[in-house]
Amino acid sequence: MSVLKINGQSYTIDADENMPLLWAIRDIVGLTGTKYGCGVAQCGACVVHLDGEAVRSCVTKVSRAQGKQITTIEGLSKNNDHPVQQAWQEIDVPQCGYCHSGQIMSAAVLLRENPNPSDQDIDNAMAGNICRCGTYPRIRNAIKIAAEIQRKATKS
Amino acid sequence: MPSITNTSKRNFLKIAGLGGTALYLGLFSSNSSASVINASEIEGDPQSVELNAWVIIDTSGKVTFVDHRAEMGQGSYHSVPQILAEELEVGLNDINVVFGQGNRKYGNQITGGSSTIRSNYKNFLKLTASAREMLIAAAAAKWAVPHQDCYAELGHVIHRPTGKRAHYGELVVAASKMEVPKDVKLKKRADYKLIGKPIRRIDTKLKTNGSVIFGLDKKLPGMMYAAVERNPRLRGKVKSFDATNALKVPGVTKVFKIKMLVFKTYREGVAVIANSTYAAFQGKKALKVEWDDSGFEHINTADIFKRQEENVKTKEGLSYKKQGDPDKAIATAARKLDVVYQTPYQSHYAMEPLNCTAHYQGDKIEVWGPIQAPDWVQDALSGEFGMPREKILVNMTFLGGGFGRKAFMDYPHEAAVISKELNGPVQVVWSREDDATQGPYRPGITYRCEGAINNGKIEALKFRMSGQNNGHWMGGKKDEANDSTSEGFLAPYFDNIKNISFADVPFEIPIPSMWWRSVYASTNGFAFESFLDELSVEAGKDPLALRREYLDERCHKLIDKLEEVSGWKKRKKNEGYGVAITECFSSTVGHIVKVSRRDGGGVKIDKVWAVMDCGWYVNPDIIRAQVEGSIVMGLGAAAFHEVTFKDGMTEQKNFYSYPMPRINDIPPIEVYVMDNAEDAGGVGEPGLPPLAPALTNAIFDLTGKRIRTLPFSLEAV
């Protein structure tokens, strides 16, 4: 038995400790916002936060996640209003939307670490997330909008 | 127009289980002259009634739209309600969208050919305007006032002289008894409140918090997971398999051989059933399978292109279109060109790998999945399992990308086969490797382009292509060329260039091929538009000026816009500007790409300008998004990835060998949408084809190097 702390709740699951966290979250816990895209840490669709750090859940074993705070897209904010989510909504970033759980989780860590990212910073931080619909220009713009939203929220 | 009998009024609704307390409007057939009907006036069996595009307004005033097409990113889930809300006079947020199941009553359901808006918008306008007029008529009757003194706004009918108001919900029962207006007046474009405005998509919020349900997110009680080891040569059989180690994997419950549909042939594989996706994947890795790959050729990519090249160099092929005498004009021309272009095989790589959830229940089958053509799945399963169509329930989820791949029936068929064997619900999950290696693919094609120039004018164009023809795969006549041969080519050239011919030299191999976003325009466009660039050099003319000589006024306006936004006329010689303009699915798109030399060698893309002319349009921001995405996808196919075969097997298995453009590869992109009074064209695909030729034409402008084979490396130019 493994205990996973996801979005502030504890889940006791019966899973092989080698099972990637992705499948434990999706198939056993039943939170489906985290996506499978490649299984080999290439595309970033499966990014979740482990104690606040962005990890690719498709190559992160259940054993490594035990005792840590796991945050998935469902737990990023209560009301779908994290600055990154607000910015994504403001300019309609998603098309099919499948990769965007991962995109948003990666962008959220970037903005926490670097509240005022340049284009180069955005490219460096987001190059691990593939979008087949090609929403990259909007991701770049939305991260700047999110930074602005975050700055305003910090001031007030 | 079908006759509508006025007896036993609620008969249809009763049979359809819809009750009698709402206004239900639908359309007969999906063609452009469809007539609006009031469902409460239809008598008879709903299965025999060709109704589609249901709009239902209930007594609470809520509007439900039954979306018979798939949402895969292109935005019709939003754009169609934006059309409906306009003439219905309701707020966009008052419309609830539900996906329709596969059913002939909706007409053609295939979400492809960028067709959802362009082939249905007039019907949608007529349908909702009719509903509005019936609601106004109901209010006028209730208040005993003249119809023309009433108008509708935001879900209410208002009596202009007194300001008296009634909510649609109060009026629907009376409205449902009204006659459908024969000729309903539609708004002028200038009067639109919603159509033509960049309104935010109604599905965005679902897509920012993980709540949107894609195929892979479907869960059923008692559902098992399956992974399948499929024949790697795409058509072969299983000779034998050893499941000993697979069955030792914790969670694996069963292993069995299956056979799935691949167009009209079959491929075999071994299914591993488990209680999680992970266990199924592990079990699959532990399988040992011996394949029987006899009876078909095991091809190598080099041989494909060698044979195609020989074809276009030695055969005339099947003529698709011919005017004048291009052979004679070329033979006697002062200046001529004769060159070969090649485009590679490509895979779709939708971010959501293929998957399907199925539940075979003896006398019926229900499937759920990311499905582009639920009616086709219904047909295929009905045929394969020998069940009537109405016993095959096909449910569309949101699609995590489709690009043509999810219009294929192999994966729903396979899921149904596995569910039958298992006698329970199952979700079949394709690994990325399965998705990448099993096809079907966009076919690789070789083009021979010949042209003649006399006195700076194009005297003749002769195009021959050789590559797999999807139309032939799908049952078209194999001894006839079809429109795939000239897709992408701008129609006005036919009016203004005397000698033109298009021919297809047949080429067949056992690799399954299929539509890939923008289909043949995505490959033809590269050959046609690169070749026009070559001819402009040969004629000593500016590439856009040359095109103007042969294009019509509508295209001239698009060219004006391209020149204006890109600063084309102010560019310096050999500064690295390239242009391409293609037409597909009734829309014309032009791209201008600017490139420069990169530090450390090669070239980099500085900027892309795109102008889309899709005529009548709904949401300019969705159009811009589709063109931006098309540019990224076109760039991938031009300069990042290709599918190759060795000994009949696909060599690229995942993103590490089929690299995608990433955020750092994308230049600034500016997209403009033309405003005019023309009929609506497609949006999801036409933005893709011009990218590759505009890019290689820009590279020629900068370096003098002509790229005629895709993909190429920007770093190695």
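How many of the eleven residues of strand 25 of chain B are buried? In this predicted model, the count is eight, so to speak a mostly covered strand, spanning residues 603–613.

Strand 25 of chain B has partners that run in both senses. On the antiparallel side sits strand 24 of chain B (residues 587–597), joined to strand 25 over ten bridges. Within this pairing, Lys594(B) faces Lys607(B) of strand 25. The two strands make up a hairpin, with five residues between them. In that turn, Gly600(B) adopts a positive phi of about 90 degrees. The parallel partner is strand 28 of chain B (residues 669–673), tied to strand 25 by five bridges. Here Ala610(B) has Val671(B) of strand 28 as its bridge partner.

Strand 3 (residues 47–50) and strand 4 (residues 53–56) of chain A line up antiparallel, with four bridges, and Val47(A) stands across from Arg56(A) in strand 4. Two residues separate the strands of this hairpin, and Asp51(A) has a positive phi near 50 degrees. Strand 3 of chain A also pairs with strand 5 of chain A (residues 69–71), again in the antiparallel sense, over two bridges. In this second pairing, His49(A) is set opposite Thr71(A) of strand 5.

Next comes helix 4 of chain A (residues 100–113). The buried set includes His100(A), Met105(A), Leu110(A) and Leu111(A).

Finally, the two chains meet. Contacts link 46 residues of chain B with 46 residues of chain A. On the side of chain B that touches chain A, helix 6 (277–285) and helix 17 (620–639) of chain B each contribute at least two residues. Helix 17 of chain B gives the most, with seven residues. By type, the residues on this side of chain B comprise 22 nonpolar, 13 polar and eleven charged.

Notes:
Residues numbered from 1 in each chain as written. Chains lettered and ligands numbered in written order. Predicted model: local features only at pLDDT ≥ 70, side-chain atom pairs only at ≥ 80, totals over all residues. Buried ≥ 20, exposed ≤ 12 C-beta atoms within 10 Å, placed from the backbone. Pairing = 2+ DSSP bridges. Contact = placed C-beta atoms within 7 Å. Nonpolar A, V, L, I, M, F, W, Y, C, P; charged D, E, K, R; others polar.
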